[in-house]
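Please walk me through this structure.

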Amino acid sequence: MKKTIKITALAFVVSFAAISCQKSVSDAELTTQSTTAISAYPETSVEVKDGVAHLSGTFASQGDKDAAIAAIKNIKGVRDVMDMASVEAADPVMETITAIDQETQQKVADAIKDFPSVKMDVVNGEITLTGEVTAEQARKIKMSVDALKVGKVNYDYNVKK
């Protein structure tokens, strides 16, 4: 029994000594490795202090930011990543919703077919007519389209005299 305890204690001391003797990676080396890992993102930087990487800068997308954080976390010796980076605001996407069915659109297209300078667009459920017309043409178009009762129509064409 004493022999087992001595062997166990010796094994513990040897394993502790082995762990203590392992070469630790310096913060400067970790910073270099981390900087290399995120080199695909030029608007960013990373600095490592006490094994914790501090990521800053701007990423084009959240996916890029997540990939950079994962790459840094995979570096042996980095204990954690402090995320101080931001993601560029995406340009607002204008969503086009067509709530006007094809049949109605075709009726309006037929009503303006005799006026080749007038174009029809449907944006966010509204028909918009654009182009250049005379006052008489504008009156005829308005009467024809209004008679169809298609809902909101923007008469956004230029009336020339």
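A residue is buried under 20% relative accessible area, exposed over 50%, and partly exposed in between (1.4 Å probe, protein chains only). Glu 136 is partly exposed by this rule, with a relative accessible area of 39%.

This is a predicted model; local features need pLDDT of at least 70, side-chain atom pairs count only at pLDDT 80 or more, and totals for chains, interfaces and linings use all residues. Residues are numbered from 1 along each chain as its sequence is written, and side-chain values use heavy atoms, with hydrogens and water left out.

**Confidence**

pLDDT is the predictor's confidence in each residue, from 0 to 100. The protein has a mean pLDDT of 82. Of its residues, 80% reach 70 or more. Helices (H or I, at least four residues) and strands (E, at least two) are DSSP runs, numbered from the N terminus. Confidence is lowest in helix H1 (residues 2-21), where the mean is 54. It is highest in E1, at 94.

Take helix H2 first, residues 27-37. Leu 30, Thr 31 and Ser 34 are buried there. Seen down the axis of H2, these buried residues fall within an arc of 100°, so they line one face of the helix. The arc is that of the directions from the helix axis to the C-beta atoms. On the other side of H2, Ala 28, Thr 32 and Thr 36 are exposed. The buried residues of H2 pack against strand E1 (44-49) and H3. Contact here means heavy atoms within 4.5 Å.

Helix H4 spans residues 102-111. Its buried residues are Thr 104, Gln 105, Val 108 and Ala 111. They cover an arc of only 120° around the axis, which puts them on the same side of H4. Gln 102 and Glu 103 are exposed, on the face turned away from that buried side. What do the buried residues of H4 pack against? Their partners are strand E5 (119-123), strand E6 (126-130) and helix H5 (135-148).

**Nonpolar cores**

A nonpolar core is a set of buried Ala, Val, Leu, Ile, Met, Phe, Trp, Tyr and Cys residues joined through side-chain atoms within 4.5 Å. The largest one has 16 residues. Val 118, Ile 127, Leu 129, Ile 141 and Val 145 touch the most other members. H4, E6 and H5 each supply at least two residues of this core. H5 gives the most, with three residues. Another core lies apart from it, with 15 residues, among them Leu 30, Ile 75, Val 78 and Val 81. Leu 30 is also one of the buried residues of H2.

Leaving aside neighbours within four places in sequence, Ile 127 is in contact with Ile 100, Val 108, Met 120, Asp 121, Val 122, Val 150, Lys 152, Val 153 and Asn 154. One of these, Val 108, is a buried residue of H4.

**Salt bridges**

A salt bridge is a side-chain nitrogen of Lys or Arg within 4 Å of a carboxyl oxygen of Asp or Glu. How many salt bridges does the structure hold? There are five. The table gives some of them.

| Salt bridge | N to O distance |
|---|---|
| Asp 83 and Lys 65 | 3.1 Å |
| Arg 139 and Glu 136 | 2.5 Å |
| Asp 146 and Lys 142 | 2.9 Å |

Asp 83 and Lys 65 link distant parts of the chain, 18 residues apart. Asp 83 lies in strand E3 (residues 80-83), Lys 65 in helix H3 (residues 62-73). Asp 83 is partly exposed at 39%, whereas Lys 65 is buried at 9%.

Two pairs sit within H5. Arg 139 and Glu 136 are three residues apart in helix H5, so about one helical turn separates them. Asp 146 and Lys 142 are four residues apart, also about one turn. An α-helix has 3.6 residues a turn, so residues three or four places apart point the same way. Arg 139 is partly exposed, at 41% relative accessibility. Asp 146 is partly exposed at 38%, and Lys 142 at 39%.

**Aromatic pairs**

Rings of Phe, Tyr and Trp (its six-membered ring) pair if their centres lie within 6.5 Å; planes under 30 degrees apart count as stacked, over 60 as edge-to-face and the rest as tilted. The count comes to two aromatic pairs. Tyr 155 and Tyr 157 form an edge-to-face pair, 6.0 Å centre to centre with 70° between the planes. Tyr 155 is partly exposed at 24%, whereas Tyr 157 is buried at 11%.
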